[in-house]
Amino acid sequence: MTLLVVSLYLPHTIHFNVDDPALVDNVVSSPILSRTTSSFDQRPAPHPHPKATPLPSPSPVPNFIQSLASRVTSANNTPPASPPTSENVKDFFYKYVQPSQPTSLSSALPLHHDDDSLPAGPTAALEFEKNFRNIYALSVEKKRREAVTKAAAATSSGSVPAGSASASSSSSLTATLRSAAAPTVTHPKSRANSPPPAKRIVDSRAPTVPNTPSLKIAPRRPAPLAPLSPKDPAAVFSSAPWSIVKYHKGNGGLRNAIARAEAEGSITDKKWIGTLGMPTDAIDENMRKSFEAVLMEKNQEAPVFVSDSTMEGHYTHYCKDILWPTFHYQIPDNAKSKAYEDHSWVHYHALNKAFADVVIQNYKPGDTIWVHDYHLLLVPGLIREKIPDAKIGFFLHIAFPSSEVYRCLPTRKLLLRGMLGADVVGFQSNEYARHFRQTCQVVLGLLANRDGSIDCDGRRVSVTDVAIGIDPPSLKALGEDPEVKRWRRMLRERWPDKKMIVGRDKLDQFRGVRHKLLGYERFLQNHPEYKEKAIFIQVCLTNIASQDLESEVSDIVTRINSSTHVVSEPPVVFLHQDISFEQYLALLYEADVFVVTSLREGMNLTCHEYIYCQSETSKGPLILSEFTGSAAVFGNNCLLVNPWDSVEVADAFEKALTMPKEERERRYKALYAEVTTNTCAHWVRLFLNKLNKAWEVNHGGEKE
């Protein structure tokens with residue numbers, strides 16, 4: 001009785017120990033950054049300093065911080081159009097001090113970079129804090145030392161380090177939230193063409209298979225390249241030593257949930273099926289078999305191998321250009337999406353077919369199959385064709401749109417049929433489940449029963465909503481980290497008398513960062529006294545953002561900060577960079593208000609973590625968009641807003657900052673109860689119970 005967890009990425013990936021700088025530039029992809037590192041190039045320098053230690057030198061703090069410092073010290077208080085390129089980096093932790101009063105934290109740590117550009121001399125009135133840079137550099141150096149030690153051990157033990165510490169299963173659940181892996185992961189470069197050649201584009205939606213996710217034509221797998229030289233990718237990676245490391249790309253909430261359920265005994269035996277999250281065309285068949293053997297032995301994980309073109313067409317073109325916008329209520333109708341649509345669908349099906357084949361290979365009678373998210377919508381139906389009596393569950397972690405939006409997809413029937421191959425189809429909220437039932441009625445003509453289930457192909461498919469949660473025990477343990485406490489102390493020392501408003505989002509068109517800033521700008525116009533009484537820290541994680549959106553957000557921040565006469569104390573601190581998990585937790589603990597204004601989002605677990613972290617601090621209010629799945633969980637206990645209504649958002653800022661203590665504690669008590677009750681482990685138990693009941697109905701039970 002094994003639970004087969006099926007998701008796009010495995011919790012672990014392969015790290016190749018390739019040290020030749022020439023090979024790094026030619027055959028190795030850019031580093032995969034974890035949630036605890038910042039987005040800067042961490043490749044070793046090809047010509048190290050003769051007197052330097054064998055360890056790579058700490059990388060500089062991301063350059064965007066210098067743009068913040070430049071804004072603070074400039075005459076017109078305007079940030080540069082783009083981050084400057086310089087290693088002399090100033091940070092945003094600065095304050096006015098008397099020359100005779102050096103900061104204790106700055107002097108307590110050694111400096112790792114020269115700061116010729118900083119104000120110097122006994123008459124300088126402005127002294128920039130170096131805490132951020134120093135602690136960051138020390139943490140990077142520590143991680144690099146650990147990485148070099150592990151790499152050396154792996155290299156000395158051969159190409160398959162069976163005893164590698166990183167390959168062993170972690171007994172501590174706190175490691176599921178912390179990035180303990182090396183800062184960089186060395187992968188082969190992709191051989192995919194984007195878009196693929198026109199001759200490979202076929203019409204996969206033939207009239208012979210109108211109502212099934214089956215596909216008769218799949219993209220041709222490229223022939224493996226013969227080694228041409230010692231620097232050819234196939235030659236390099238066939239002999240390079242490698243090790244298994246934790247992979248932080250993908251659904252972290254799902255990984256945390258499975259780990260906690262295992263610890264509590266809800267899951268006794270599980271096997272994970274997914275891709276390694278890296279290009280594999282340069283990996284020969286023998287190396288792939290080695291990966292499969294070690295991953296299965298050490299971590300009970302079965303990798304799925306597809307061509308680089310298939311992965312590129314599936315994820316970059318179909319998932320991100322077609323499905324992601326549509327499921328977030330933006331119908332793709334531009335030349336790029338139309339050009340990719342037909343051929344990327346072929347690759348989407350090919351990857352789903354590869355997943356279904358691996359699941360079938362690992363399936364044993366009595367096993368439970370749990371498929372996750374919009375990357376794998378066809379997998380349940382493809383498995384059902386081969387194993388009619390399998391117990392299959394599917395959970396969609398993102399939003400599901402209204403039928404009027406979904407019906408615009410050309411592949412609408414195939415996707416729905418694929419999802420209906422499961423015994424249970426789960427969603428984050430009742431709204432999304434209702435949309436799915438309505439869509440099945442409009443597109444497929446399948447009416448929902450009184451209990452919300454749908455009869456399809458002689459089976460009864462249960463449609464339910466079960467909101468995922470967080471892992472409070474792990475979060476509590478991580479909050480005791482001395483590094484978290486140090487950052488908390490630094491934040492409060494920096495802004496001791498100000499209300500701290502915090503936001504953390506990706507900078508994309510669906511997260512509502514622009515709408516959030518416009519609402520805050522209106523709030524400051526109505527209440528200018530808060531320009532000096534509050535500080536708004538907005539963190540935007542690094543991702544491929546629209547240049548127009550990035551420019552517009554930057555203009556709004558500039559406009560807000562230019563409205564104050566206090567140059568050294570801007571109302572908004574905008575950080576477009578990744579921050580460490582310790583810094584992230586410190587912000588959650590010390591925030592007085594947290595703001596989420598997503599235009600559409602399945603479930604925002606960041607605000608759940610904020611609520612949990614506030615239990616020992618200010619018990620601050622939560623401003624939350626009504627278009628997130630979390631709004632259905634928290635209801636009116638938070639301050640619900642329409643992100644498009646800047647007046648309502650501005651009023652929410654005012655109410656949050658002036659809320660009486662009694663009301664704040666009453667709201668928080670209800671929010672905290674929700675977060676600590678509906679945890680990720682509860683989500684796993686509830687969904688699997690629903691799946692067992694639904695399967696029994698289809699195999700011996702009575703249908704109402």
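This is a predicted model: local features need pLDDT of at least 70, side-chain atom pairs count only at pLDDT 80 or more; totals for chains, interfaces and linings use all residues.

Residues are numbered from 1 along each chain as its sequence is written, and side-chain values use heavy atoms, leaving out hydrogens and water.

**Sheet**
- An open, mixed sheet holds 8 strands in the order β7-β6-β1-β8-β9-β10-β12-β11.
- β7 (301–303) and β11 (454–456) are the edge strands, each pairing on one side only.
- From one strand to the next, the twist averages 20 degrees.
- Strands are DSSP runs of E, at least two residues, numbered from the N terminus; two of them pair if DSSP finds at least two bridges between them.
- β1 (residues 3–9) pairs with β8 (residues 368–372) in the parallel sense over 4 bridges.
- In that pair, L3 stands opposite T368 of β8.

**Helices on the sheet**
- Helices are DSSP runs of H or I, at least four residues.
- Helix α6 (residues 252–264) lies across β1, β6 (270–275) and β8, at about 165 degrees to β6.
- Helix α10 (residues 379–386) touches β8, β9 (391–395) and β12 (459–465) (contact: heavy atoms within 4.5 Å).
- The direction of α10 makes about 170 degrees with that of β9.
- Axes are lines fitted to C-alpha atoms, for helices over the stretch in contact; angles run from 0 to 180 degrees between N-to-C directions.

**Cysteines**
- The count is 0 disulfides (cysteine sulfur pairs within 2.5 Å).
- The closest cysteine sulfur to that of C440 is in C456, 7.9 Å away, too far for a bond.
- C440 is buried at 0% relative accessibility, and C680 is buried at 1%.
- Buried means under 20% relative accessible area (1.4 Å probe, protein chains only).

Key. Buried means under 20% relative accessible area, exposed over 50%, partly exposed in between (1.4 Å probe, protein chains only).
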